[in-house]
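Hi,

Here's the structure I promised to pass on.

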Amino acid sequence: MRLHWLAIFAVTLSVCVLAGCKSGGSSTAEAPPEPEKPKLPVPPNSKFAKVKIGMYEGEVTTAIGQPNNRSAYVTGKAWIPFHFSGSDTHRTVYYYKGEGTLTFANDSAYTSGMSVISIDYDPNEPGYERSEAAK
């Protein structure tokens, strides 16, 4: 009887180990988040015309100045166990009054770098975060 339980335990442990080791790709390098397409085209006379996908926060603020407001949130990837590369676990949104919003995602869990993944031009942007009900 003891041998029966030992065999069940061994099979269960093997299944758990194999399920935990299953990987959809390399765990050392993850592709950056897909950049989102702008909702409205950015006019050439806009501040946002100087911003490109992939620019870092410091580059953006040097090029177009500080935002009127900013907010941050955690993405679902932050809760994935063994998500070792750690990219795109949190995002920061910059709000520019009369221009729109810029969304940044973290590049890695091991650095503080955030790069632009979305440029949303909106000439009606009030410059602060609005609730979904107010949009």
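Below is what I found, going from the overall fold to a few single residues.

First, a caveat: this is a predicted model. The protein has two helices and four strands, and from the N terminus on they come in the order α-α-β-β-β-β. There are 135 residues, and 32% of them count as buried. The accessible surface is about 9200 Å², with 61% of that belonging to carbon and sulfur atoms. If you take contacts between residues at least 6 apart in sequence, 55% of them join residues at least 24 apart.

Now the sheet. It's an open one of four strands, ordered β1-β2-β3-β4, and the pairing is antiparallel. β1 (69-74) and β4 (114-121) stand at the edges with a single partner strand each, so one side of each has no neighbour in the sheet. On average, neighbouring strands are turned by 20° against each other, ignoring direction. β1 and β2 (residues 90-96) run antiparallel and are joined by six bridges; in that pair, R70 sits opposite Y94 of β2.

What packs on the sheet? Helix α2 (residues 57-64) does, touching β2, β3 (100-106) and β4. The direction of α2 makes about 5° with that of β2.

Which residues of α2 are buried? V60, T61 and I64 are. Down the helix axis, the buried residues fall within an arc of 95°, so they line one face of α2. As for what they meet, the buried residues of α2 pack against β2, β3 and β4.

One more residue to look at is S46, in the loop between α1 (2-21) and α2. Is S46 buried or exposed? Its relative accessible area is 7%, and buried means under 20%, so S46 counts as buried. Leaving aside neighbours within four places in sequence, S46 is in contact with E99 and Y121. S46 and E99 are 53 residues apart in sequence, yet their C-alpha atoms are 7.2 Å apart in space.

Cheers

Terms used: Residues are numbered from 1 along each chain as its sequence is written. This is a predicted model: local features need pLDDT of at least 70, side-chain atom pairs count only at pLDDT 80 or more; totals for chains, interfaces and linings use all residues. Side-chain values use heavy atoms; hydrogens and water are left out. Buried means under 20% relative accessible area, exposed over 50%, partly exposed in between (1.4 Å probe, protein chains only). Contact means heavy atoms within 4.5 Å. Accessible areas come from the Shrake-Rupley method with a 1.4 Å probe; for residues, only the protein chains shown count as cover. Two strands pair if DSSP finds at least two bridges between them. Axes are lines fitted to C-alpha atoms, for helices over the stretch in contact, and angles run from 0 to 180 degrees between N-to-C directions. The arc is that of the directions from the helix axis to the C-beta atoms.
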